[in-house]
Amino acid sequence: MSELPIIQHTYDLIKVYVPTIERLPKTHKYTLGDRIINELYDLLKALVTAQFSKQKLAILEPLNPSLSLLRYQTRLLLEFNLISIKQYESLIRALENIGSELGGWIKYQK
């Protein structure tokens with residue numbers, strides 16, 4: 001089975017996001033940072049699980065709120081001055097792309 005683009009894009013986002021989180025001050029790294037990383041890994045796990053599942057919709061549909069939460073958490077990083085506007089725009093663009101792919105996958109399954 002070939003790798004789905006949404007899975008590769010999520011994987012790539014994690015590769016960019018983890019080093020960003022690792023550079024945060026301890027006060028944010030172990031709170032907001034850990035929550036973001038856990039949410040990203042949960043997202044990747046759900047996408048891989050859905051790829052091999054017969055009941056894809058039951059796994060995919062709950063991921064939209066997760067993506068929304070990641071957008072808010074990323075915005076918090078910006079508003080706390082923990083990332084630059086350039087980093088923020090790049091991360092949000094990646095999240096929006098994953099959201100579009102997720103929406104397409106859900107629509108295809110229906």
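Mentor: Before we look at any residue, remember that buried means under 20% relative accessible area, exposed means over 50%, and partly exposed lies in between, with a 1.4 Å probe and protein chains only. This is a predicted model, in which local features need pLDDT of at least 70, side-chain atom pairs count only at pLDDT 80 or more, and totals for chains, interfaces and linings use all residues. Residues are numbered from 1 along each chain as its sequence is written, and side-chain values use heavy atoms, with hydrogens and water left out.

Trainee: How should I class Leu-76, as buried, partly exposed or exposed?

Mentor: Leu-76 has a relative accessible area of 35%, so this residue is partly exposed. Leu-76 sits in helix α4, where helices (H or I, at least four residues) are DSSP runs numbered from the N terminus.

Trainee: At what angle do α2 and α4 pack?

Mentor: Axes are lines fitted to C-alpha atoms, for helices over the stretch in contact, and angles run from 0 to 180 degrees between N-to-C directions. Here α2 (residues 26-52) packs with α4 at about 150°, the axes being 10 Å apart. The two helices are therefore roughly antiparallel, a term for angles over 145 degrees.

Trainee: Which residues of α4 meet α2?

Mentor: Contact means heavy atoms within 4.5 Å, and among the α4 residues that meet α2 are Leu-70, Gln-73 and Leu-76.

Key: Angles under 35 degrees count as roughly parallel, over 145 as roughly antiparallel, 65 to 115 as roughly perpendicular and the rest as oblique.
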